[in-house]
Amino acid sequence: MLRITELKLPLNHPEEALAAAIRDRLRITPRDLVRYTVARRAHDARDKMDIHFVYSVDVVVKNEAPVLARFKRDRHVNPTPDTGYRFVARAPADYSGPRPIVVGAGPCGLFAGLILAQMGFRPIILDRGKLVRERTKDTWGLWRRSELNPESNVQFGEGGAGTFSDGKLWSQIKDPRYLGRKVLTEFVKAGAPPEILTEAHPHIGTFRLVTMVEAMRATVESLGGEYRFQQRVDDVHVDIAADGRRRLTGLTLQTGERIDTGPVVLALGHSARDTFHMLHERGVHLEAKPFSIGVRIEHPQSWIDDARFGPCAGHPDLGAAAYSLSHHCKNGRTVYSFCMCPGGTVVAATSEPGRVATNGMSQYSRNERNANSGIVVGIDPARDYPGDPLAGIALQRYWETRAFEVGGGDYKAPAQRLGDFLAGRPSTRLGSVIPSYRPGVQLTDLAECLPDFAVTAMREALVAFGREIPGYDHPDAVMTGVETRTSSPVRITRGDDFQSVNTAGLYPAGEGAGYAGGILSAAVDGIKIAEAVARDLLAGAQGA
Ligand code: FAD
């Protein structure tokens, strides 16, 4: 099979135009084209008067070798890469070594657990939160009734932080082994729409994620894996081996139960602040890492569609328009859009009482009235929270507490019209844009719950963004704060063997450990960590 990339066709092309374009490109007759499949489809909307599709297609021709030879200097015609996943290890049928433990049932833990189960190691997956359906009720409790359950919410519970999200499934990680393809293939098996395998910017939306997470649990269980919910890990036990090396030997759960362990995957997510503190106290090596802080911004989706797609706005093949923006400011800060959710809603994303944090989500249809995105400013430990590895957490907590107070102390979020934010005055009324955040917003001055440098940078950047997307800096756009959980404020540093640099047997993974950002990259990291654990278990079994 051969792959053609960069095959361009107009927006409204008939289906047969693709076959014709393949034949033209390869200069072959209809009889020589046996079949083709679409490997990837993107749209190019850089020129809104000429929006077109860009395809990669896998093609079977009657006689491939001469065709490939003819195009050997053409970088857009190549043999199709082998994107299939191969297990790096298998547990022997009589395997009686330790069962690996995975802490966290978010995308990273789900894939670590799935791969370990598929390799025959019967993992035990622990999560502090509840089963996804019960968790959904608790999450809605905050959004509808201002009732926060600190152990079952948008951050904690089956499916992890990405469950109530836009379900964007792309990433810019280097992926030479096509592990992202394995993730998407498993998602499709679990009920995701098959087009996620071909769309350049696939997304799933919240409702489907819930059922997919359940389907994946059923698969892991059918392979001998075991899930235990409402089992927060509260302590780790570390022994010093004869060679002086620290080694993890056990976990204590919130129930008081102690489990003696083999390898433990720590896929905690970025909000497990209490667990980070516990690990630090137990001497596990942590370091502070950069993250970002800012607000969510909302515009009517129709403004973004018009600005991005011009006369093609509303075209069913284009869907709701997305954007990605970045601006380097005079004060040395960079402001960028983060986790943009077309046709979605801004959600309450705190996991701690007395704090407010925002994020965004959408359904598969992306047909809510507003587009929303984080508008955030990059911060780093050297400049903004020096010293303690946990200082970034303290900073997040400080601004989330301010947001709670400024929002009125009942989980409403502080919000402001963009025009008032630029003018430096509190908002007293909304304009044409109605904020979607539940349980509601308190109009105020967002400068009261953001660092001064962030306010200065955002004021400059929002005007610059208005030059890129006309209407972006419209005075009625609504900003809701604060967006603090853009990525983990700590790294649980690991070595080349994927284990903690100072605690053998502990495998930090995913977003919370600082090795991923987003659903897809967290899931890919889960696969890599499962492979490392499996190798370790097999080496142990052979040595025994
Ligand atoms: P998490 O998903 O955070 O999972 C960690 C799990 O560990 C949780 O289930 C938690 O309960 C559990 N846990 C924590 N501490 C303990 C403990 N001590 N004991 C036991 N269990 C514990 N990313 C995208 O790519 N696309 C999007 O569209 C997107 N939208 C988002 C929308 C929202 C509202 C949010 C909050 C996030 C969104 N993200 C999105 C980010 C994405 O969800 C994360 O990058 C991803 O979930 C990280 O995966 P993870 O498995 O590393 O951690």
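Trainee: Which residue in S7 is the bridge partner of Ile 124?
Mentor: The partner is Glu 226, and S6 (residues 124–126) and S7 are joined by 3 bridges and run parallel. Strands here are DSSP E runs of at least two residues and helices are H or I runs of at least four, both numbered from the N terminus, while two strands count as paired if DSSP finds at least two bridges between them. This is a predicted model, in which local features need pLDDT of at least 70 and side-chain atom pairs count only at pLDDT 80 or more, whereas totals for chains, interfaces and linings use all residues. Residues are numbered from 1 along each chain as its sequence is written.
Trainee: What's the strand order of the sheet?
Mentor: The open sheet has 5 strands in the order S7-S6-S5-S11-S22, with parallel pairing. Strands S7 (226–228) and S22 (506–508) form the edges, each pairing on one side only.
Trainee: Switching to the ligand, which residues come nearest?
Mentor: Of the 44 residues around the ligand, Gly 106, Gly 160, Gly 162, Gly 269 and Gly 510 come nearest, where a residue counts as near if its C-beta atom, placed from the backbone, lies within 6 Å. The elements that give two or more residues to this shell are H3, S15 (334–348), S16 (358–361) and H13 (519–543).
Trainee: And which domains does the shell draw on?
Mentor: At least three residues come from each of domain 2 (101–287 + 493–543) and domain 3 (290–483), with the bounds taken from an automatic or database domain assignment.
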